[in-house]
Amino acid sequence: MTSMDADEADSFKRKTERLRSKLPYLGVLVLAILGVAYTSITGSPLYGYWEFLALAVGAACIFIGWRQTEDKRARKQIVVTQALHWAAFLVAMNIILWPSVNTFLNGPATGLALMLLLALGTFVAGVHVSADIAILGVALALTVPAIAWLKKSALLLALIGLVVGGLAVLFRPQSKNDDLT
């Protein structure tokens with residue numbers, strides 16, 4: 001193995017480790033988008049789903065904060081502040097889901113509101129714990145208008161996809177096996 005091969009292998013290993021460390025954040029983002037999509041399609045919110053996501057992000061914040069410090073008092077403070085932080089957001093999420101409040105929102109609006117609350121909670125927690133968590137909060141917040149735009153533009157996007165697909169079939173290169181004569 002040459003020095004160049006070892007450097008490439010080392011670089012690949014570092015990139016793989018970095019990607020693996022970011023997978024939990026990507027997982028939360030995908031789960032949040034799936035929650036909004038399900039709520040938009042069915043018209044009814046997933047009551048326990050958003051609480052699960054908030055608790056998962058809260059647990060991740062505690063885990064990350066715990067790893068960043070060795071001081072027993074600081075660790076206790078991280079656990080207490082994150083628990084109070086996420087408890088407040090869980091209360092706000094549940095208020096949105098109360099029947100007397102939820103009558104003002106349809107299913108898709110409820111999903112987007114819960115996603116926005118999750119995004120806000122994630123960003124604020126990230127400010128105190130980790131820049132990666134804060135960036136996840138920003139990404140979650142940006143998906144709210146993106147999902148609303150996609151839903152509004154779904155028919156247009158489908159038509160564009162059909163046109164592009166049709167043009168791709170029409171102008172695809174011919175191979176010798178495609179010749180029918």
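Trainee: Starting with tryptophan 86, which residues does it touch, not counting those up to four places away in sequence?
Mentor: Tryptophan 86 touches Ala54, Val57, Gly58, Cys61, Leu118, Gly121, Thr122 and Ala125 once residues up to four places away in sequence are set aside, where contact means heavy atoms within 4.5 Å. Bear in mind that this is a predicted model, in which local features need pLDDT of at least 70 and side-chain atom pairs count only at pLDDT 80 or more, while totals for chains, interfaces and linings use all residues. Residues are numbered from 1 along each chain as its sequence is written, and side-chain values use heavy atoms, with hydrogens and water left out.

Trainee: And which residues touch the most other members of the largest nonpolar core?
Mentor: Trp86 is one of them, together with Trp50, Met93, Leu118 and Leu140, in a core of 29 residues. Such a core is a set of buried Ala, Val, Leu, Ile, Met, Phe, Trp, Tyr and Cys residues joined through side-chain atoms within 4.5 Å, and buried means under 20% relative accessible area with a 1.4 Å probe, protein chains only.

Trainee: Which elements give two or more residues to this core?
Mentor: Helix 1, helix 2, helix 3 (72-97), helix 5 (107-129) and helix 6 each give two or more, helices being DSSP runs of H or I with at least four residues, numbered from the N terminus. Helix 5 has the largest share of this core, with seven residues.

Trainee: Switching to helix 3, how many residues has it, and what does it reach from its first C-alpha to its last?
Mentor: Helix 3 has 26 residues and reaches 37 Å from its first C-alpha to its last, which is close to the 38 Å expected at 1.5 Å a residue; the expected span is 1.5 Å times one less than the number of residues.

Trainee: Which of the residues of helix 3 are buried?
Mentor: The buried residues of helix 3 are Ile78, Gln82, His85, Trp86, Phe89, Leu90, Met93, Ile96 and Leu97, and what covers them includes helix 2, helix 4 (99-102) and helix 5.

Trainee: Why does glutamine 82 count as buried?
Mentor: Glutamine 82, which is found in helix 3, counts as buried because its relative accessible area is 4%. Leaving aside its neighbours within four places in sequence, glutamine 82 is in contact with Cys61, Ile62, Ala125 and Val129. Cys61 and Ala125 are also among the residues that tryptophan 86 touches.

Trainee: What about glycine 111, is it buried or exposed?
Mentor: Glycine 111 lies in helix 5 and is buried, with a relative accessible area of 0%. Apart from residues up to four places away in sequence, glycine 111 touches Val36, Thr39 and Trp50, and Trp50 is among the core residues that touch the most other members.

Trainee: How many residues apart in sequence are glycine 111 and valine 91, and how many Å in space?
Mentor: Glycine 111 and valine 91 are 20 residues apart in sequence, and their C-alpha atoms are 16 Å apart in space.

Trainee: Last one, where is threonine 143?
Mentor: Threonine 143 has its place in helix 6, and it counts as buried because its relative accessibility is 13%.

Trainee: And with which residues is threonine 143 in contact, leaving aside its neighbours within four places in sequence?
Mentor: With those neighbours left aside, the residues in contact with threonine 143 are Leu29, Ile33 and Met115.

Key
Buried means under 20% relative accessible area, exposed over 50%, partly exposed in between (1.4 Å probe, protein chains only).
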